[in-house]
Amino acid sequence: MAGLDPGKLIVYKIVWPGTHDSATNKIGIRFISRPFAQCQSLSVYSQLLLGTRVLDIRVQEDRRVCHGILKSYGIDVVLRDVKNFLSETKSEIIILEIRTEFGHQDPPDFDKYLEDELGDYLIRHDEHVFGKTVSELLPKRVICVWKPRNSPQPKAGGALWSAGYLKDNWIDTDLPSTKFESNIHHLSEQPPVSSRKFFYRVENTVTPQADNPVLCVWPVTNRIHGYAHLFITQCFSRGYGDRLQVFSTDFIDEEFVDACIGVTHARIEGQA
């Protein structure tokens with residue numbers, strides 16, 4: 001997003017390129033369990049360099065990243081990658097979603113840990129943020145959405161944002177056409193970004209199913225991977241282009257990021 005003018009870039013106009021299960025590049029055991037849970041091959045730092053601006057991080061009680069029963073490195077590795085990237089850039093804004101993985105317990109005092117680690121980078125919860133330009137938010141750089149399972153949600157006006165500010169409609173299927181049309185349908189039910197006071201995510205992904213012999217993530221999700229451009233085109237042709245906001249994928253690449261930036265640039269110029 002460095003090529004876009006932060007003085008013109010209003011938060012609600014951004015189409016945010018995101019990654020699904022962002023910190024799974026080292027999940028499980030290589031060649032054994034990793035292919036069944038790995039959704040990204042790049043580190044968080046490399047994803048940010050590529051253009052990812054929404055991260056989806058799952059944690060367990062000991063602050064380690066996990067995906068289901070498989071675990072990886074500690075959350076400190078993710079936060080170090082985020083801070084390294086921020087230290088090397090001047091005006092990039094990141095949405096950092098961290099949630100307790102299903103079937104796991106919340107890490108103790110995790111909200112305080114996040115506030116201590118991210119400190120002055122945090123953009124405090126404020127619904128006026130959606131109507132502000134990036135320049136107006138700087139030098140703050142991170143919207144951190146913390147989604148605990150049992151602990152209290154972050155409070156309004158605090159340093160962290162609660163679960164209701166990053167929503168989606170997850171469909172568990174390995175069928176590209178089913179996921180594609182479901183994504184369109186649920187997006188059509190959302191308010192336009194100009195009046196929305198939360199981020200809404202669409203994930204261009206499909207998921208291995210137990211009744212299918214192919215259980216590795218890459219060959220399954222690759223079935224829909226190439227349809228990201230078509231999805232964006234269909235959003236506009238069906239009249240829902242003004243609702244697209246966070247667009248995420250497995251195994252993110254430069255072409256996916258460029259598509260999101262293209263729509264953002266068109267919005268800034270009043271062409272979309």
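I take contact to mean heavy atoms within 4.5 Å. The model I consulted is predicted.

**Entry: the whole chain**

I looked up the elements of the protein chain and found eight helices and nine strands. The radius of gyration is 18 Å, close to the 19 Å that the globule rule gives for 272 residues, so the chain is as compact as a globular protein of that length. Along the principal axes, I noted that the C-alpha trace spans about 50 × 45 × 30 Å.

I then turned to burial and surface. Of the 272 residues, 54% count as buried. The accessible surface comes to about 11,900 Å², and 52% of this belongs to carbon and sulfur atoms. Among contacts with a separation of 6 or more, 73% are made by residues 24 or more positions apart. For charge, I recorded 31 positive and 35 negative side chains, with the centres of the two sets 2 Å apart.

**Entry: Pro148**

I located Pro148 in the loop between β6 (142-147) and β7 (166-168). Buried means under 20% relative accessible area. Pro148 has 9% relative accessibility and therefore counts as buried. Leaving aside neighbours within four places in sequence, I found Pro148 in contact with Thr100, Asp106, Gln153 and Pro154. I also checked Gly68, which is 80 residues from Pro148 in sequence and 16 Å from it in space, C-alpha to C-alpha.

**Entry: Phe130**

I found Phe130 in the loop between α3 (110-118) and α4 (134-137). Its relative accessibility is 2%, so Phe130 counts as buried. Which residues is Phe130 in contact with, leaving aside its neighbours within four places in sequence? I listed Ile10, Val11, Tyr12, Trp161, Tyr165, Arg196, Lys197, Phe198 and Phe199. Of these, I followed up Val11: the C-alpha atoms of Phe130 and Val11 are separated by 5.1 Å, although the two residues are 119 residues apart along the chain.

**Entry: helix α8**

I examined α8 (residues 254-268), a helix of 15 residues. From its first C-alpha to its last, α8 reaches 21 Å, close to the 21 Å expected at 1.5 Å a residue. I noted its buried residues as Phe256, Val257, Ala259, Cys260, Val263, Thr264, Ala266, Arg267 and Ile268. In an α-helix there are 3.6 residues a turn, so residues three or four places apart point the same way. Against which elements do the buried residues of α8 pack? I found β1 (16-19), α1 (44-50), α7 (228-237) and β9 (246-249). After α8 comes Gly270, for which I recorded a positive phi, near 75°.

Definitions and conventions. Residues numbered from 1 in each chain as written. Predicted model: local features only at pLDDT ≥ 70, side-chain atom pairs only at ≥ 80, totals over all residues. Heavy atoms only, no water. Helix = DSSP H or I, 4+ residues; strand = E, 2+ residues; numbered from the N terminus. Rg over C-alpha atoms; globule rule 2.2 N^0.38 Å. Buried < 20%, exposed > 50% of the residue type's maximum accessible area, 1.4 Å probe, protein only. Areas by Shrake-Rupley, 256 points an atom, 1.4 Å probe, with all protein chains shown as cover. Lys, Arg positive; Asp, Glu negative; His and termini not counted. Charge placed at Lys NZ, Arg CZ, Asp CG, Glu CD. Expected span 1.5 Å × (residues − 1).
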